Amino acid sequence: MNEDRRLRAVTRLAEELAGITGLPEAARLVAEHAREALAADSVAVLLADAARRPRPGRRPCPLRPLAIAGSPGAGLTTPGRRPDPRRLTVPLPVTDRLRGELRARRTSGDPAFADADLELLRALAALAGAALTQQERLDEAHRLARTDPLTGLANRRCADDRLAEALTEHHREGTSVRLAVFDLNGLKQVNDTLGHATGDRLLRAFADLLSESARRLPGALAARLGGDEFCLLSVGADGDELLDAARHICRRAAAPGFAGIPGRPVPSGAADGGSPPEGDAPAPDGGPPAAGRPARPARPGRIAGGTGGAACGLAGTDEAIGPPLTARRLLRLADAAQYRAKTDGLLEPVVAGRGDIGREVVLLADAAGPRTPDRRALRGAAGSRKAVRATPRDESRFTP
């Protein structure tokens with residue numbers, strides 16, 4: 001191959017790489033152009049995550065083919081110790097987090113590679129390394145923009161986008177969409193008493209619990225909305241699959257020793273529907289107990305004080321929540337249901353539109369108005385629970 005042909009091969013690859021987005025596509029172009037330029041039987045681009053450094057005495061993370069042009073021999077065959085004139089291997093100059101190689105192979109009946117071929121492969125590897133480095137950084141930036149760095153779950157932006165897409169699919173095809181919003185109780189107390197490292201461990205343990213449930217649900221996405229608030233979105237699930245998953249999550253998070261944190265003692269009978277110990281009931285504004293007022297009996301599944309586990313609220317397209325349904329309104333309904341579960345200290349999730357409590361939740365969410373800029377604003381916009389209960393109900397509005 002003359003000098004002009006090698007130069008044209010490098011130039012063509014550079015031009016095509018300029019318009020490529022995505023690491024796999026860039027690797028495919030490199031492999032195809034290198035195979036054509038070298039007249040090789042196969043060329044492979046291999047990468048490994050160099051950030052996962054092995055422990056002493058263990059082998060490093062193996063290189064894995066990202067793209068192969070031609071037969072798979074170049075990518076799956078490790079270069080031997082003895083020189084082979086029909087095989088070439090050069091390193092890929094990529095980022096500190098990645099290491100890689102560019103391998104080329106000719107069959108036994110083909111001529112051996114010449115020194116000029118090695119120089120060309122090195123030039124292609126330099127160009128490929130720069131392109132792959134840029135694509136890897138773009139992919140990482142895209143991932144970080146849509147991922148919560150502490151828990152590894154999707155972040156609020158990703159959840160908003162997926163919810164909007166799901167509701168578009170619902171309006172077009174009738175696909176069921178369900179959203180569960182969780183508030184992890186007691187995080188501030190854990191941070192104040194046991195330290196923020198323990199609080200972070202609690203957040204990661206709850207995120208793992210959400211991810212475990214998301215893997216069992218069709219079209220599910222687990223996300224951290226911010227602080228101690230999470231959500232689980234399910235698209236296309238049948239029946240009460242998300243509700244059952246939410247119950248499981250709430251109970252696991254309320255179990256003593258969750259995330260290795262000692263559980264808060266629960267008064268006898270509070271968690272199984274009985275009454276808490278006799279005494280004064282708390283004041284309506286959350287202040288000290290009012291003397292002489294009898295304690296309110298706990299609801300079934302109630303945790304006294306609502307300071308353990310997680311509060312959960314659900315909203316779904318198949319519930320009696322009333323039209324019109326938008327992503328903003330569905331999130332507001334689920335959050336209002338979660339807030340009601342939290343104020344009542346319930347271990348069981350509250351479902352917007354289902355039962356008396358669910359209908360009150362719809363009133364609470366709708367009273368916040370369709371242009372509420374902050375999800376938390378809906379909690380004060382509807383006034384006290386007494387005011388919500390006193391609002392006249394129009395039962396027809398809860399019929400889809």
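Which helix holds histidine 170? Select helix α5, residues 156-173, and histidine 170 is found there. Helices here are DSSP runs of H or I with at least four residues, strands are runs of E with at least two, and both are numbered from the N terminus.

Before moving on, note what you are viewing. This is a predicted model, in which local features need pLDDT of at least 70 and side-chain atom pairs count only at pLDDT 80 or more, while totals for chains, interfaces and linings use all residues. Residues are numbered from 1 along each chain as its sequence is written, and side-chain values use heavy atoms, with hydrogens and water left out.

**Stop 1: histidine 170.** Stay on this residue. Histidine 170 counts as buried because its relative accessibility is 18%. Buried means under 20% relative accessible area, exposed means over 50%, and partly exposed lies in between, with a 1.4 Å probe and protein chains only. Leaving aside residues up to four places away in sequence, histidine 170 touches Thr175, Val177 and Thr317. Contact means heavy atoms within 4.5 Å.

**Stop 2: strand β5.** Select residues 177-184, which form β5. Of its 8 residues, 8 are buried. Val177, Leu179, Val181 and Asp183 point one way. Arg178, Ala180, Phe182 and Leu184 point the other way.

Two strands pair if DSSP finds at least two bridges between them. β5 pairs with β8, residues 310-316, in the antiparallel sense over 7 bridges. Look for arginine 178 opposite glycine 316 in β8. β5 and β7 also pair in the antiparallel sense, over 7 bridges. There, valine 177 has valine 235 of β7 as its bridge partner.

**Stop 3: the whole sheet.** Show all of its strands. The sheet is open, with 5 strands in the order β6-β7-β5-β8-β9 and mixed pairing. β6 (220-226) and β9 (350-351) stand at the edges with a single partner strand each, so one side of each has no neighbour in the sheet. Next, select helix α7, residues 196-214, which packs on the sheet. α7 touches β5, β6, β7 (229-235) and β8. The direction of α7 makes about 5° with that of β7. Such angles run from 0 to 180 degrees between N-to-C directions, with axes fitted to C-alpha atoms, for helices over the stretch in contact.

**Stop 4: helix α6.** Select residues 187-194. Which residues of α6 are buried? They are Leu187, Val190 and Asn191. These cover an arc of only 100° around the axis, so they lie on the same side of α6. The arc is that of the directions from the helix axis to the C-beta atoms. Their cover includes β5 and α7. Turn to the face away from the buried side to find the exposed residues Lys188, Asp192 and Thr193. Glycine 195 follows α6, with a positive phi near 100°.

**Stop 5: helices α2 and α4.** Select residues 23-38 for α2 and 115-145 for α4. Their axes come within 9 Å and cross at roughly 170°. The two helices are therefore roughly antiparallel to each other, a term for angles over 145 degrees. Leu23, Val30 and Leu38 are among the α2 residues in this contact, and Leu120, Leu124 and Leu132 are among those of α4.

**Last stop: zoom out.** Show the whole protein. Its secondary structure comes to 12 helices and 9 strands. Buried residues make up 44% of the 400 residues.

Technical notes: Angles under 35 degrees count as roughly parallel, over 145 as roughly antiparallel, 65 to 115 as roughly perpendicular and the rest as oblique.
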